[in-house]
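Subject: Structure handover

Hello,

Here is the structure we discussed, a predicted model. My notes on a helix pair and on the chain interface follow below it.

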Amino acid sequence: MKFAKTLALTAALGALASGAAAEMKIGMITTLSGGGAGLGIDVRDGFMLAIEQSGRDDIEVVIEDDQRKPDIAVQLADKMVQSEKVDVLTGIIWSNLAMAVVPAVTAQGKFYLSPNAGPSALAGKGCHPNYFNVSWQNDAFNEAAGTWASENGIGKVFLMAPNYPAGKDMIAGFKRFFKGDVTEEVYTKLGQTDYAAEIAQIKASEADLVYYFLPGGMGISFMKQYAGSGAEKSVMGPAFSFDQGILGAIGEAALGVKNTSHWSKDLDAPGNADFVASFQEKYGRLPSLYAAQGFDTGLLLASAAGKADVADADAFRAALKEADFQSVRGDFAFGANNHPIQNIYMREVVKEGDVVTNKVLGVAATDHTDAYGGDCKM
Amino acid sequence: MSTILIIEQLLNGLQFGVMLFLMAAGLTLIFGVMGLINLAHGSLYMIGAFCAAAAAGLTGSFALGLVAALAGAAIAGVLVELIVIRRLYDKDHLDQVLATFALILIFSEGTRWIFGSFPLFLDIPAALSGPVALPGGIQYPAYRLALIVAGLIVAAGLFLLISRTRIGIQIRAGENDREMIAALGVDIDRLYTFVFALGAALAGLAGALVGAIQSVQVGMGEPVLILAFVVIVIGGIGSVKGALIGAVLVGLTDTLGKIFLPQLFALFMDPAAANQTGASLASMSIYVLMALVLIWRPTGLFGARA
């Protein structure tokens, strides 16, 4: 009797051990509190929806809040690598946090999938075989917008972005293909909420167009203040300044504004309508582009997990690189530096019933790829 | 550099200053009268904004939103004073900082739990949307002008309250000698609760007024709290007059520094470097101001106590 019990126990332990070997542990570090919380929550919810829909119960996700602070993100990454023993990290929203975390974790042999943030330093010289960007390189939307502005006869622009790596990348991206003049280039504080001084500068400027990158709460504050200021210049920006979370709080002040994005909820891509419907059903709100990026990151991970065991790093890396999943953005592939090759669309803010949202106008850049791939040696 | 732009920036600085004053007045009163460092003052600012957004969302009236902000923040202030703060008066400042820091976390998470993590919509009333034309051809947002007026009215009301009323006499006496006014038969517990509720209501009002042009979200109070501390250190701890002058100084320094420092450096540097240096120095400017004031007057401009 005792023998039989021991045997059963051993068998159970054996089963458990083999089960554990096939399991994969994901560490998600993202912003769930403070001014940027909406972005992190959307990425998390999109990612978890994809994992849930994939039906894989062998993927375990550990989620932590970085509070948009680089030092806390670094501590969390250490904890996840050292004590949680995760195989793959993901989730970071902000480029300054990505710069603090990504090089360290990829150097330790872990994989990092970026669901948002694509600092230029990690696309060029700092690229790494274990770092996959599933969202965009920071310059991308802005390069498309700069081209569009030139083609549509805009001569003078006023540029504004927060003073941190992504802000500088976005402005550099816009200037790369823009042929007109930049009258002013203003860098604000990250997290700034009052833009009265900048708006007065805009009013005094000779520019035809204000192009700005202000994600999260910053964009809400700016647009509301701009609408009441009597300034009449038209505004434009990358989608981060006009995503679904921001539009809900700005309201009609944003109607008619153009912005560039790789995704939109009305985009005609296979699976996109299902994604929008299932996200809305599960969470009771419209998905933003951050949610779409989180969803795609989850799909990519599930596709790679179906092809290779994460313990075999080379095979898993090759499986990731194939990007064998149906992105809600339509066509998606990785370039040589593991950054996306994808279309960038021009969108316009419109009102559908009571909801202020974005609508696709057309393609702004086809199969767009970033400008830093040439510096990447791997 | 046109005169119009300079005047507009001066107005912007003044508007920022009077809103800071609403925050700093409560903070300095609470510190002056009760000797309490209240880190949770920023949470009361946030509560005011959320109450206003919720009430305005339900009723569609901005005025009712302001009433809700005043009431909500004052009630939160009274509850916090009765339940937590009352136990901290005899403790040293470190205990007060720890307890009120805990309150920040509780209020932030509580608000997130009720309202979610996404920013709330609170719009300015239709009558004040759009610009007004000022003499000299200046187009200035009507709402910001209204903020300046509202802030100055509150400041005047606060001075009258403190200098002309019985409760004001008790507040001033409380700042000077707590034991003595208790011995004279003033109900010190009630006075403390009143001062705390007054400070909370002012913070709530500031949150609602500013929330309408910024975004109403969890954690909105903490950046303002830091500035409010700078203001009361410059103005002198416990002095409402000091808080007003300190707030306007900080508002003007911050706004003008942000605009004119990069342009100043552009006179002798290339534009990109001037932008960088100017922006970095501008974000330090109020702390430089604070350091200079403290060198000149270690107790702040109107501070009595060391």
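**Helix pair in chain B**

In chain B, the axes of helix H5 (residues 142-164) and helix H6 (residues 166-176) come within 5 Å and cross at roughly 80°. Angles of 65 to 115 degrees count as roughly perpendicular, so H5(B) is roughly perpendicular to H6(B). On the H5(B) side, the residues that meet H6(B) are Leu161(B), Ile162(B), Ser163(B) and Arg164(B). Their partners in H6(B) are Arg166(B), Ile167(B), Gly168(B), Ile169(B) and Arg172(B). By class, this contact has four nonpolar, two polar and three charged residues.

**Interface of chain B and chain A**

Contact between the chains involves 32 residues of chain B and 36 residues of chain A. About 2,600 Å² is buried between them, and carbon and sulfur atoms give 53% of that area. In chain B, the residues that lose the most area to chain A are Phe118(B), Phe121(B) and Gln214(B), together 21% of what that side buries.

Three salt bridges are found across the interface. A salt bridge joins the side chains of Glu198(A) and Lys258(B), at 3.8 Å from N to O.

On the side of chain B that touches chain A, at least two residues each come from helix H1 (3-34), strand E2 (138-141), helix H10 (240-266) and helix H11 (271-296). H1(B) gives the largest share, five residues. That side of chain B consists of 13 nonpolar, 15 polar and four charged residues.

Regards

Terms used
Residues are numbered from 1 along each chain as its sequence is written. Chains are lettered from A and ligands numbered from 1 in the order in which they are written. This is a predicted model: local features need pLDDT of at least 70, side-chain atom pairs count only at pLDDT 80 or more; totals for chains, interfaces and linings use all residues. Side-chain values use heavy atoms; hydrogens and water are left out. Contact means heavy atoms within 4.5 Å. Buried area is the accessible area (1.4 Å probe) that two parts lose on being put together, summed over both. A salt bridge is a side-chain nitrogen of Lys or Arg within 4 Å of a carboxyl oxygen of Asp or Glu. Helices (H or I, at least four residues) and strands (E, at least two) are DSSP runs, numbered from the N terminus. Ala, Val, Leu, Ile, Met, Phe, Trp, Tyr, Cys and Pro count as nonpolar, Asp, Glu, Lys and Arg as charged, and the others, Gly among them, as polar. Axes are lines fitted to C-alpha atoms, for helices over the stretch in contact, and angles run from 0 to 180 degrees between N-to-C directions. Angles under 35 degrees count as roughly parallel, over 145 as roughly antiparallel, 65 to 115 as roughly perpendicular and the rest as oblique.
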